[in-house]
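Please look over the structure shown below and keep it in view while reading the briefing that follows. The notes begin with a single backbone feature and then widen to the parts around it.

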Amino acid sequence: MDGGEVTVSVYKCMEVRGPCSVCIQVYGGCPAPGPVPEGLIRVYSMRFCPYAQRARLVLAAKGIKHEVVNINLKSKPEWFLEKSPFGVVPSLETSDGKIIYESPIVCDYLDEAYPGKKLTPADPYKKAQEKILLEHFSQVTTAMYKIMFAKKDNQDTTELKAQFFEKFKKLEELLTKKNTPYFGGESLSMIDYMIWPWIERFNIFDVLEYLEKAPRINAWRSLMLQDPVVKDTFTDPEVLSNFIKLYFQDSVDAVDYGLD
Ligand SMILES: N[C@@H](CCC(=O)N[C@@H](CS)C(=O)NCC(=O)O)C(=O)O
């Protein structure tokens with residue numbers, strides 16, 4: 001991706017394999033990476049995290065030069081809490097040591113602090129509408145996680161799926177009412193990137209069948225799949241599903257799934 005991610009290689013652990021200036025995996029026991037080089041921003045990420053994918057989508061869409069530090073969430077380095085006080089990814093670190101966390105805040109920061117294509121509307125009402133949409137969408141993701149955890153515990157998901165569909169239908173209604181191809185209007189914008197990572201994961205949440213019941217969202221999904229930035233951050237559903245299996249087994253190797 002032009003001007004985007006500078007990832008070229010992945011190191012399991014800096015301590016074991018030596019320092020790396022680009023994309024690294026860190027584990028409990030790994031030393032903290034040094035200061036962020038001038039002209040770069042660092043994102044603390046995890047290869048399969050949908051929240052971190054939001055940040056990676058925005059970084060790529062805006063062509064922001066950055067480095068990626070992948071955190072092993074099953075074996076977090078102690079210093080990670082200094083980089084992300086809630087202990088979650090994504091989080092950003094700037095070359096002058098500023099820390100920004102929580103994916104919607106991270107994405108808005110990137111959009112406001114960097115030049116190039118503006119992904120968020122300037123109009124306060126439109127901005128408010130997008131935030132409201134995001135709140136609706138959060139109810140969809142909450143319902144999705146309930147299904148996933150119930151499945152993990154071999155529980156019946158019928159009722160949870162019905163609850164999910166209620167929330168998802170509302171999202172379909174909102175897009176129908178807008179009558180635009182994208183959630184933010186005629187072209188792809190921030191709100192689409194904020195929603196996308198969970199649509200990419202519909203199969204692993206076992207809700208893929210509901211896309212057929214939401215024609216507007218299904219058409220939007222087809223458009224999104226053509227976006228170069230979406231293509232760039234896309235993870236094969238089978239890889240995601242194998243990752244989830246390992247993650248639920250509490251395997252420290254889960255985050256490295258698919259790397260050699
Ligand atoms: N509210 C946070 C949620 C981020 C989040 O939950 N990330 C997960 C990975 S997908 C995480 O870091 N979990 C920490 C853990 O598993 O210990 C955001 O929007 O950035």
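Just after helix H2, Gly63 adopts a positive phi of about 65°. This is a predicted model, in which local features need pLDDT of at least 70 and side-chain atom pairs count only at pLDDT 80 or more, whereas totals for chains, interfaces and linings use all residues. Residues are numbered from 1 along each chain as its sequence is written. Helices (H or I, at least four residues) and strands (E, at least two) are DSSP runs, numbered from the N terminus.

**Helix H2**

- Helix H2 has 12 residues and reaches 16 Å from its first C-alpha to its last, close to the 16 Å expected at 1.5 Å a residue, where the expected span is 1.5 Å times one less than the number of residues.
- H2 is mostly covered, with 11 of its 12 residues buried; a residue is called buried if 20 or more other C-beta atoms lie within 10 Å of its own, exposed if 12 or fewer, and partly exposed in between, with the C-beta atoms placed from the backbone.
- Among the buried residues of H2 are Tyr51, Arg54, Leu57 and Val58, and what covers the buried residues of this helix includes strands E3 and E4 together with helices H4 (103-113), H7 (190-200) and H9 (228-233).
- An α-helix has 3.6 residues a turn, so residues three or four places apart point the same way.

- Strand E3 (residues 41-45) is largely enclosed by the rest of the structure, because 5 of its 5 residues are buried.
- In a regular strand the side chains alternate between the two faces of the sheet.
- Both faces of E3 are covered, with Ile41, Val43 and Ser45 buried on one side and Arg42 and Tyr44 buried on the other.
- E3 is joined to strand E4 (residues 66-71) by 5 bridges, and these two strands run parallel; two strands are said to pair if DSSP finds at least two bridges between them.
- E3, helix H2 (residues 50-61) and E4 form a right-handed β-α-β unit, where right-handed means that, with the strands pointing away from the viewer, the path from the first strand over the helix to the second runs clockwise.
- Val69 is found in strand E4 and counts as buried because it has 26 C-beta neighbours inside 10 Å.
- Leaving aside neighbours within four places in sequence, Val69 is in contact with Ile24, Val26, Pro33, Arg42 and Tyr44; two residues are in contact if their C-beta atoms, placed from the backbone, lie within 7 Å.

- The protein chain is divided into domain 1 (10-113) and domain 2 (124-233), with bounds that come from an automatic or database domain assignment.
- The C-alpha centres of the two domains lie 26 Å apart, and the contact between them takes 11 residues from domain 1 and 11 residues from domain 2.
- On the side of domain 1 that touches domain 2, H2 and H4 each supply at least two residues, and H2 gives the most, with 8 residues.
- In the largest nonpolar core, which has 59 residues, Val58, Tyr193 and Ile195 touch the most other members; domain 1 and domain 2 both give residues to this core, so it lies between them.
- A nonpolar core is a set of buried Ala, Val, Leu, Ile, Met, Phe, Trp, Tyr and Cys residues joined through C-beta atoms within 7 Å.
- Not counting residues up to four places away in sequence, Val58 touches Cys107, Leu110, Asp111, Leu119 and Tyr193.

**Backbone features in loops**

- A cis peptide bond, with omega about 10°, joins Val89 and Pro90, and Pro90 is found in the loop between helix H3 (80-83) and E5.
- Glu102, in the loop between strand E6 (99-101) and H4, is a residue other than glycine with a positive phi, near 80°, and Glu102 counts as partly exposed because it has 16 C-beta neighbours inside 10 Å.
- Asn154, in the loop between helix H5 (124-152) and helix H6 (158-178), is a residue other than glycine with a positive phi, near 55°, and Asn154 counts as exposed because it has 7 C-beta neighbours inside 10 Å.
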